[in-house]
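The sequence and structure come first.

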Amino acid sequence: MTPSLGQIDPPDLSVLIISLLKGMIYRDDNERLWGALLSLQARVRDYVSVLALALVLDEAEGYAFLKSRLESEDEVGNPKLPRLVARRPLSFPVSLLLALLRKKLAESDAGGGDTRLVLTREDILELVRVFLPTASNEVKLVDQIETHINKIVDLGFLRRLKVGAGTTTGPTSYEVKRILKAFVDAQWLADFNDRLAAYQAQFTENIDSAGEVSDE
């Protein structure tokens, strides 16, 4: 007899490792996989440590991912291992957008209420618009910022919502994923206001005479 869903065994260690190597695991996306991870996290940590990786798991926020272990965490005298999880260099506009989204997430948390932060496309553009020179070709700039938004979606820090999902009724909307907190930490955020002037100056420098944002 075919077992019911409640009788199916939870995912095993191999499924967890493969899922983590492919990307991030969210509690809201797959509660059964998340439950298996909580049960087997000690074994997962032991397994990935052989690959010079570390498991980052936040039960409160409901996300988990793998990161490369710092060289200082490796045993002295061991040969340097190749990096399994590659570092992804980010362009300046993408870095700026991530910083602004992280700040917005902190403001939302401080205000209480819903922990789920949803922004429309126009909301995100408004975060960046303060950095745009008034004489620039805004149409071209908006098109390029849309490209950077798509990059952040690909990185997993934004999730594009379908029309009609949640509070979305028409405009393109995005959920800011709380895993962003693990990549832009509290100390960095505390220094954020001190960096805004430097960001604005650099952002202006990255705009060429045609009014386009450089991806440097």
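The sections below cover the cores and then the strands of this predicted model.

## Main nonpolar core

The largest nonpolar core contains 31 residues. Within this core, the residues with the most contacts are Leu101, Ile124, Ile152 and Leu158. Two or more residues each come from β3 (63-68), α3 (92-110), β4 (117-120), α4 (121-129), α5 (138-155) and β6 (173-176). The largest share, eight residues, is supplied by α3.

Leu101 touches Leu119, Ile124, Leu127, Ile152, Leu158, Val176 and Leu180, leaving aside residues up to four places away in sequence.

## Second core

A separate core is made up of 17 residues. Among them are Ile17, Leu20, Leu37 and Val48. In soluble globular proteins, nonpolar side chains tend to be buried together.

## Strand β3 and its partners

Strand β3 pairs with both β1 and β2. β1 (residues 25-26) runs antiparallel to β3 and is joined to it by two bridges; Tyr26 has Tyr63 of β3 as its bridge partner. β2 (residues 53-58) is also antiparallel to β3, with six bridges between the two strands. Here Val56 has Phe65 of β3 as its bridge partner.

β2 and β3 form a hairpin, and four residues lie between them. In the turn, Gly62 has a positive phi of about 80°.

Is β3 enclosed or open to the outside? Five of its six residues are buried, so β3 is largely enclosed by the rest of the structure.

Notes:
Residues numbered from 1 in each chain as written. Predicted model: local features only at pLDDT ≥ 70, side-chain atom pairs only at ≥ 80, totals over all residues. Heavy atoms only, no water. Core = buried A, V, L, I, M, F, W, Y, C linked by side-chain atoms within 4.5 Å. Buried < 20%, exposed > 50% of the residue type's maximum accessible area, 1.4 Å probe, protein only. Contact = heavy atoms within 4.5 Å. Pairing = 2+ DSSP bridges.
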